[in-house]
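Work through the exercises below with the sequence and the model open. Try each task before reading its solution.

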Amino acid sequence: MITQPRAITAPRPTPAANASRSADSTRPVPTANPSRSADSDRPVPAANPSRSADSARPAPTDSGSNPPTLPQADRDFDRLLTALRVIWRELREIKQLLAEREPPSPPPAPNLRRLLTDYPHFDWQAIGAVVKQRDDDGPALVEWRGNLYTRRTNPKFGAEIWFSRATGRDEDGEVSYERLITFAEPPAVEPLPKRVRDALG
């Protein structure tokens, strides 16, 4: 008689295996990343320190499109120099206007020279002067172009009479004068040298 084979069935899990699974299920599940939770209390660094430092710096200008600007001190100096030039031109124009409005200064006295013997009967009108005062010796005060000239003498100059007036003080503080005319003895005349007489022939 032929017997049929028995069917083979899988073994059932033992209680020990199920106990191990239940024990593992009661264990605490660790967090996804413990290191991240510890680092979360630390300050977060900037994304890119080099970029934040560079952002405070002025952006460089394009040398091809915009020329570099001068420093502030140079610009202030150029403005001051321009203002001084304008002031100098204005002062020059003001000086020219004042010179045109001021009356021309009188010419200096001619300091004429005449012989001493011409003094008593000298023609004052011939030089445009007018006698304003006389004494026993002759004219003592004359007027020429609005200015008065006084008669003066001094023994250290010899036999001379001149008419002069004070015009102010010089750089040394001394009073300066101008002469209208001087009456004096003729200077001594020396004879001509022989070579000059021979040249005259």
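Two strands pair if DSSP finds at least two bridges between them. Strands (E, at least two residues) and helices (H or I, at least four residues) are DSSP runs, numbered from the N terminus. The model is predicted: local features need pLDDT of at least 70, side-chain atom pairs count only at pLDDT 80 or more, and totals for chains, interfaces and linings use all residues. Residues are numbered from 1 along each chain as its sequence is written, and side-chain values use heavy atoms, with hydrogens and water left out.

**Exercise 1.** State which residue in β3 is the bridge partner of V131.

Solution. Start with the strands: β2 covers residues 129–135, and β3 covers residues 138–144. These two strands pair in the antiparallel sense over six bridges. The bridge partner of V131 in β3 is V142.

**Exercise 2.** Give the strand order of the sheet and name its edge strands.

Solution. Six strands form an open sheet with mixed pairing, in the order β1-β6-β5-β4-β3-β2. The edge strands are β1 (112–115) and β2, each of which pairs on one side only. From one strand to the next, the twist averages 30 degrees.

**Exercise 3.** List the elements of the protein from the N terminus on.

Solution. Count first: there are five helices and six strands. Then write them in order: α-α-α-α-β-β-β-β-β-β-α.

**Exercise 4.** Describe the confidence of the model.

Solution. pLDDT is the predictor's confidence in each residue, from 0 to 100. The protein averages 77, and 63% of the residues score at least 70. Over residues 16–20, pLDDT stays under 50.

Note on methods. Contact = heavy atoms within 4.5 Å. Axes fitted to C-alpha atoms, helices over the stretch in contact; angles between N-to-C directions.
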